[in-house]
Amino acid sequence: MVEEWASAAAGGNPAALRRLLSAISSGRLAHPALRRVLADAADVEDAAQETLIAVSRGIGTFAGRARFTTWLHRVATNAALDVLRRRDRGGIPSQDLPEPALRAGELRRMSSIAATRLDVENAMRLLPDRYREALRLREWEQRSYEEIAAELDLPVNTVRTHISRGRRLLAVYLTAGAARQDTR
């Protein structure tokens with residue numbers, strides 16, 4: 001239904017746009033993309049609201065060449081990055097900032113999280129397509145095995161196998177990448 005509403009909304013149907021925005025909000029469809037960029041729950045909620053605004057303003061640019069969720073995740077990622085930029089420009093009142101010692105530790109942690117995410121994304125690119133897509137839908141989009149099976153037109157047990165094998169391969173790639181970095 002979301003795909004149909006997105007196409008109709010892109011064509012200028014206001015009722016379809018209302019249904020689409022409601023589905024995005026109630027189904028928290030943008031949250032996986034937002035959580036990849038933002039750690040703070042309040043920031044995720046701010047970015048979710050900005051995502052809804054961006055979708056309503058930019059739905060006319062959705063051409064349907066890719067799935068709507070792919071387009072939505074790009075919009076959500078941009079909204080999350082905007083939230084981060086605002087914070088970096090001093091958009092937070094100074095009384096809300098942690099003490100300098102905590103700030104340095106938090107920055108190291110965030111840097112580590114960003115590096116880990118990049119490592120995972122790079123390792124994901126090495127996976128065979130059938131494992132990568134099933135794993136992406138499960139881990140990043142938080143889809144059920146049944147939803148993934150329907151989307152990929154596969155039996156549920158095959159999806160479970162692809163995800164299991166994908167996770168094992170991903171662990172091998174990540175371990176190999178960490179070993180390469182340790183020898184530098």
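**First stop: a threonine in a helix**

Begin by selecting threonine 77, which is found in helix α5, residues 68–88, and bear in mind throughout that this is a predicted model. Is threonine 77 buried or exposed? Because its relative accessible area is 14%, under the 20% limit, threonine 77 counts as buried. If you now show the surroundings of threonine 77 and set aside its neighbours within four places in sequence, the residues in contact with it are Ala33 and Val37.

**Second stop: α1 against α2**

Next select helix α1, residues 2–10, together with α2, and look at how the two axes come within 8 Å and cross at roughly 135°. An angle over 145° would count as roughly antiparallel, so α1 is described as oblique to α2. The crossing of α1 and α2 is left-handed. To see where they meet, show Val2, Trp5, Ala6, Ala8 and Ala9 on the α1 side, and Ala16, Leu17, Arg19, Leu20 and Ala23 on the α2 side. Coloured by class, this contact of α1 with α2 has 9 nonpolar residues, no polar ones and 1 charged residue.

The contact is made by Leu17, Leu20, Leu21, Ile24 and Ser25 from α2, and by Leu52, Val55 and Ser56 from α4. By class, the contact of α2 with α4 has 6 nonpolar and 2 polar residues, and no charged ones.

Now centre the view on leucine 20 and show its contacts, not counting residues up to four places away in sequence: leucine 20 touches Val2, Trp5, Ala6, Ala9, Val55, Ile59 and Phe68. In soluble globular proteins, nonpolar side chains tend to be buried together. Which residues have the most contacts inside the largest nonpolar core? They are Leu20, Leu34, Val55, Ile59 and Phe68, in a core of 27 residues. The elements that give two or more residues to this core are α1, α2, α3 (31–37), α4 and α5, and α5 gives the most, with 7 residues. To finish, select Met124, Leu127, Val159 and Leu170, which are among the 12 residues of a second, separate core.

Conventions
Residues are numbered from 1 along each chain as its sequence is written. This is a predicted model: local features need pLDDT of at least 70, side-chain atom pairs count only at pLDDT 80 or more; totals for chains, interfaces and linings use all residues. Side-chain values use heavy atoms; hydrogens and water are left out. Contact means heavy atoms within 4.5 Å. Helices (H or I, at least four residues) and strands (E, at least two) are DSSP runs, numbered from the N terminus. Ala, Val, Leu, Ile, Met, Phe, Trp, Tyr, Cys and Pro count as nonpolar, Asp, Glu, Lys and Arg as charged, and the others, Gly among them, as polar. Buried means under 20% relative accessible area, exposed over 50%, partly exposed in between (1.4 Å probe, protein chains only). Axes are lines fitted to C-alpha atoms, for helices over the stretch in contact, and angles run from 0 to 180 degrees between N-to-C directions. Angles under 35 degrees count as roughly parallel, over 145 as roughly antiparallel, 65 to 115 as roughly perpendicular and the rest as oblique. A crossing is left-handed if the near helix is turned anticlockwise from the far one by less than a right angle, and right-handed if clockwise. A nonpolar core is a set of buried Ala, Val, Leu, Ile, Met, Phe, Trp, Tyr and Cys residues joined through side-chain atoms within 4.5 Å.
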